[in-house]
Amino acid sequence: WRLQAPLIAEINRLKREKNAVILAHNYMTPDIFHGVGDYVGDSLGLAKEAAKSDAKIIVQAGVHFMAETSKILSPEKTVLIPDLRAGCSLASSITGADVRLIKQRYPGLPVVTYVNTTADVKAETDVCCTSANAVQVVEHVAREWGVDRVILIPDEFLARNVARQTDIKIIAWQGRCEVHERFTAADILELKAAYPNAQILAHPECPAEVLEVSDFAGSTAAMNDYVLTRKPKQVVLITECSMADNVAVDAIDTEFVRPCNLCPHMKRITLENIYESLVHNRYEVTVDPAIAARARVAVQRMIDLPP
Ligand code: 13P
Ligand code: SF4
């Protein structure tokens, strides 16, 4: 990706000229992540940066729900996404109307929603969570509401993985991440046999059977910290392919074994369309102000939770 240096330099020049920042998710390719990302990280980290940034323009190098979250937290800023087709199988698994029906079915129970959802869904939510803080959010909200059951939607696997770690009963939905649902326990056992000394780190959007045979489960930021602080000799990151490529740049003593799955939505974002996005101010992501105001309460409650 060093061949892309002129384009990277031009994007960085345009950012300064236009007072823009690029928020880059861990699943961006290394040319984007290391070359032009001003803030890089997991969904929780990017949401926090969107709230803090004083730039005029945010370019979201990630998927549409992340750009919506940035707009919800920074309504006065222009939020751009370089390709409007960068969606997410979890976000498209549920609508605001679905959440209203769930609430009718389970009156009096709090609704915790994964940030991988549309603004419409967040507007029906009591508090959002990410894969980094889901257990903490569920336990907090159950205590606050004085209940022993919590609705946690839409990722069925994240819900099951949270349920394994808490006494709170979880009511789930059937959404799945098309990238992580494809990993199986058999894949992991095969890896363990072939690389007995490798540490296996899996994302909580994977099926529960996968996490049961892995050494560690955590968000993309948690995987990053694990590799950089514990410095394992050999590691497998059970997640999207760019994750290992990005961490590997900073983890020179670790060998990465690389079975991985590509997210077609994340991969719609390229250096070329980031450049076009900055030149033409496209594609602007807007959220109905009334929906955004309600969604903001749910996202802000998550951000304000004690660490
Ligand atoms: P995190 O970065 O929050 O772990 O989420 C992973 C993901 O799938 C985002 O689309
Ligand atoms: Fe959605 Fe999964 Fe792609 Fe993340 S990796 S954007 S959760 S489909």
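Is strand β7 (residues 149-153) largely enclosed by the rest of the structure or largely exposed? Four of its five residues are buried, so strand β7 is largely enclosed by the rest of the structure. Here a residue is buried if 20 or more other C-beta atoms lie within 10 Å of its own, exposed if 12 or fewer, and partly exposed in between, with C-beta atoms placed from the backbone. Strands (E, at least two residues) and helices (H or I, at least four) are DSSP runs, numbered from the N terminus.

Before going further, note that this is a predicted model, in which local features need pLDDT of at least 70 and side-chain atom pairs count only at pLDDT 80 or more, while totals for chains, interfaces and linings use all residues. Residues are numbered from 1 along each chain as its sequence is written, and chains are lettered from A and ligands numbered from 1 in the order in which they are written.

**The strands around β7**

Two strands pair if DSSP finds at least two bridges between them. Strand β5 (residues 111-114) pairs with β7 in the parallel sense, over three bridges, and V112 stands opposite L152 of β7. Strand β8 (residues 169-171) also pairs with β7 in the parallel sense over three bridges; there, K169 in β8 is the bridge partner of R149. Together with helix α8 (residues 156-163), β7 and β8 make a right-handed β-α-β unit. Right-handed means that, with the strands pointing away from the viewer, the path from the first strand over the helix to the second runs clockwise.

**Around ligand 1**

Which residues surround ligand 1? The shell is made of N26, D42, S43, L44, N116, T130, S131, A132, C177, E205, S219 and T220. A residue counts as near a molecule if its C-beta atom, placed from the backbone, lies within 6 Å of it. This shell divides into three nonpolar, seven polar and two charged residues. For these classes, Ala, Val, Leu, Ile, Met, Phe, Trp, Tyr, Cys and Pro count as nonpolar, Asp, Glu, Lys and Arg as charged, and the others, Gly among them, as polar.

An unreviewed UniProt entry places the feature "binding site" at several positions, including V115 and E205. Such annotations may be inferred rather than shown by experiment. V115 lies in the loop between β5 and α6 (119-123), and E205 is found in the loop between β9 (199-202) and α10 (208-212). Leaving aside residues up to four places away in sequence, E205 is in contact (C-beta atoms, placed from the backbone, within 7 Å) with S131, D155, F157, L158, C177 and H180.

**Around ligand 2**

Of the 13 residues around ligand 2, C88, S89, C177, V179 and C263 come nearest. This shell holds seven nonpolar, three polar and three charged residues. For "binding site", the unreviewed UniProt entry lists C88, C177 and C263. Although spread over 176 residues of sequence, they cluster in space, with a largest C-alpha distance of 9.3 Å. C88 lies in the loop between β4 (78-80) and α5 (96-105), while C263 is in the loop between β12 (255-257) and α13 (271-280).

| Residue | Other C-beta atoms within 10 Å | Class |
|---|---|---|
| V115 | 26 within 10 Å | buried |
| E205 | 29 within 10 Å | buried |
| C88 | 22 within 10 Å | buried |
| C263 | 22 within 10 Å | buried |

Definitions and conventions:
Two residues are in contact if their C-beta atoms, placed from the backbone, lie within 7 Å.
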